[in-house]
Protein chains: 2
Amino acid sequence: MGTSIESNSMQTPASPKRRPTIADVARAAGVSPTTVSHALNGKGYVDTHTRERVKEAARALGYRPSIRAQRLRTGEARSIALISSMPYEVAGGASRLGFLMEVAAVAAGSALTRGLALVLVPPMMSGRLPLEQLDIDGAIVIEPTAGDPNVEHLQERGLPVVCLGRQPGNDAVPYVDIHSSATTEMLLRHLSDQGSRRIALLIGAQERNSYIESRASYEQFCAEHGMVPVIAVADESGGETAGAAACAALLEAHPDIDGLCALVDAFAVGAVQAIRSRGLRVPDDLRVVTRYDGIRARSCQPPLTAVDLHLDDMATQAVALLFDHLGGSGDARRSVAPAVPTLVVRESSAGVAPPATSI
Amino acid sequence: MGTSIESNSMQTPASPKRRPTIADVARAAGVSPTTVSHALNGKGYVDTHTRERVKEAARALGYRPSIRAQRLRTGEARSIALISSMPYEVAGGASRLGFLMEVAAVAAGSALTRGLALVLVPPMMSGRLPLEQLDIDGAIVIEPTAGDPNVEHLQERGLPVVCLGRQPGNDAVPYVDIHSSATTEMLLRHLSDQGSRRIALLIGAQERNSYIESRASYEQFCAEHGMVPVIAVADESGGETAGAAACAALLEAHPDIDGLCALVDAFAVGAVQAIRSRGLRVPDDLRVVTRYDGIRARSCQPPLTAVDLHLDDMATQAVALLFDHLGGSGDARRSVAPAVPTLVVRESSAGVAPPATSI
């Protein structure tokens with residue numbers, strides 16, 4: 001595959017071995033290494049003239065202080081990890097430009113403005129993430145399950161962790177509220193407003209807080225609207241196929257449902273396929289809505305009504321919350337609540353005609 | 001915005017201050033610190049019994065070797081950065097789930113399997129990237145311009161750099177060939193095959209290799225097909241608006257063009273708007289194609305014909321190439337050529353009817 005062309009090293013000016021030390025700069029400037037350190041770091045008292053001389057010597061020699069040595073002294077890596085605990089089938093592959101990456105893009109920028117590097121840890125085919133080798137100060141974990149091994153590992157290392165979406169059964173981990181109850185309520189109310197009277201819920205089998213909250217909201221909604229709860233569960237690692245199978249079984253057992261809230265976008269796309277292959281129409285016979293407004297929701301045929309979770313705000317607040325805890329302050333916040341999600345209505349639930357094309 | 005709840009620290013078991021040292025383990029196991037180091041790192045000769053005793057002592061004390069200290073000794077950060085040098089208006093904001101993030105998702109996984117952490121450096125509003133503070137061993141820079149300040153900074157630090165897309169005017173930087181000539185040729189041939197006879201090219205004003213190669217391919221194509229070259233240039237930082245303005249001016253000066261190759265997706269989307277606001281139809285009056293097959297191309301109305309650049313392969317090869325150079329091997333490859341791009345034909349150039357909907 002690769003074209004191999006004649007090779008030469010490109011780092012002639014500053015190969016690691018010839019890297020000038022603080023002692024070289026001190027010698028060149030005729031001062032002590034401590035003075036060099038103070039002059040370059042803006043610490044201690046160094047008169048302007050000496051500071052300039054040191055800076056010039058450093059520049060001339062190509063001296064740069066070792067970030068790594070500084071960090072060993074301060075005990076800080078100055079980097080945080082962003083970790084997805086979703087299986088590869090949902091968060092990786094075809095849908096890899098999803099929730100995780102949308103959060104990553106914003107979080108990385110937000111971290112950098114605080115002097116933190118963001119290390120991206122995507123879902124791996126292997127399942128188990130190789131976190132041991134990461135030299136980090138803390139981590140943001142997206143939607144951890146109960147007993148999530150990644151969260152456990154990080155906590156064992158004594159590293160601050162912040163979850164995007166509360167971790168079930170672990171109140172010790174600070175979290176960003178991703179408003180799962182409010183999101184489900186909003187989707188159900190929308191289906192009801194559009195005319196759906198027998199609404200089913202499709203969630204993942206994993207023990208995530210979003211499913212737990214959604215289920216509770218759904219059951220309450222059913223009670224309030226005199227609906228019999230119909231809940232289907234699919235394994236996340238089955239992706240679209242699992243969503244299609246769960247929906248097919250649902251339609252078999254409950255042919256009268258006229259609304260489906262499929263929380264995972266991959267499930268929703270699979271569900272639309274299952275509905276169509278039964279000869280039913282979306283939204284005419286059955287309205288379908290999902291949560292995350294990503295590529296899957298937008299490119300589904302018909303496009304899916306979804307929720308703008310304001311991931312920008314969530315990501316920014318997750319970094320801010322983790323930053324608070326990195327400081328080791330005893331009164332850092334336990335949770336933050338970003339902007340409330342808003343509905344993005346599309347054809348799958350509203351029967352809006354697609355925009356006119358030139359054909 | 002944030003909800004503040006009662007706070008407590010979660011790292012009681014292993015606060016940084018009480019972190020056990022190698023000396024603690026040595027004392028507990030009744031051996032020397034060197035033996036502890038050998039036993040835990042699998043180096044030197046340590047008999048099985050002693051090794052087990054040391055491991056048990058380490059486990060009991062909760063000892064973990066300092067990754068940072070190890071790395072200071074080895075001189076490796078074991079992390080690489082992925083840097084976008086595109087302006088925020090093109091690569092950030094609305095289109096942030098684009099090229100960079102698609103590469104990032106794959107590169108991060110690929111790096112992790114090699115024991116490298118991937119630090120994500122997205123385009124910043126500020127323009128200048130704060131790279132000084134990053135403790136990295138090397139970096140992948142996406143489509144650098146001639147004299148790109150980020151590449152310059154990294155090279156000054158003596159860090160290996162690999163470019164995704166050759167850097168103009170700097171043959172010293174190893175690169176992944178992103179096949180810009182072949183991509184442009186393919187798009188032009190497609191427009192010609194569909195019936196376009198007067199094809200214009202719209203590229204960015206920045207000095208990127210993709211524009212340079214595209215322009216050359218386009219001029220050659222024009223010469224071969226007896227077409228007069230019509231090249232419009234727009235500033236990347238103007239995003240869709242700049243694309244629309246450049247296309248409007250193009251149509252004003254050359255009302256007879258019937259094909260447009262707009263290399264930047266943001267420009268292509270803007271161009272479609274400009275074409276429509278002149279009362280022209282895409283593709284009936286004017287076919288439009290673009291390069292990157294991202295959200296913008298897919299969600300444009302009509303959807304844009306684009307190119308599958310096989311970013312998976314590009315990202316994997318970029319990490320592999322950088323990994324070669326991290327090793328400091330004198331005969332590391334100078335460039336690699338990933339899979340040749342393939343065309344994704346959509347409505348904007350082919351007039352394919354959209355898939356049937358239920359409406």
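Here is a short chat about salt bridges in a predicted model.

Colleague: Nice. What does A:Glu143 pair with?
Modeller: A:Glu143 forms a salt bridge with A:Arg291, and their closest N and O atoms are 2.6 Å apart. The two come from distant parts of the chain, 148 residues apart. A:Glu143 sits in the loop between β3 (138–142) and α7 (149–156) of chain A, while A:Arg291 belongs to strand β9 (residues 287–292) of chain A.

Colleague: And is A:Glu143 buried or exposed?
Modeller: A:Glu143 is buried, and A:Arg291 is buried too.

Colleague: Over to chain B, then. Where is the partner of B:Arg296?
Modeller: The partner is B:Glu240, with the closest N and O atoms 3.0 Å apart. B:Glu240 lies in helix α10 (residues 239–253) of chain B and B:Arg296 in helix α12 (residues 295–299), so this pair links distant parts of the chain, 56 residues apart.

Colleague: Why does B:Arg296 count as buried?
Modeller: Because its relative accessibility is 12%, and buried means under 20%. B:Glu240 is partly exposed, at 27%.

Colleague: Last one: which residues do shared partners join into one network?
Modeller: A:Arg198, A:Asp256 and A:Asp258 are joined that way by their salt bridges.

Conventions:
Residues are numbered from 1 along each chain as its sequence is written. Chains are lettered from A and ligands numbered from 1 in the order in which they are written. This is a predicted model: local features need pLDDT of at least 70, side-chain atom pairs count only at pLDDT 80 or more; totals for chains, interfaces and linings use all residues. Side-chain values use heavy atoms; hydrogens and water are left out. A salt bridge is a side-chain nitrogen of Lys or Arg within 4 Å of a carboxyl oxygen of Asp or Glu. Helices (H or I, at least four residues) and strands (E, at least two) are DSSP runs, numbered from the N terminus. Buried means under 20% relative accessible area, exposed over 50%, partly exposed in between (1.4 Å probe, protein chains only).
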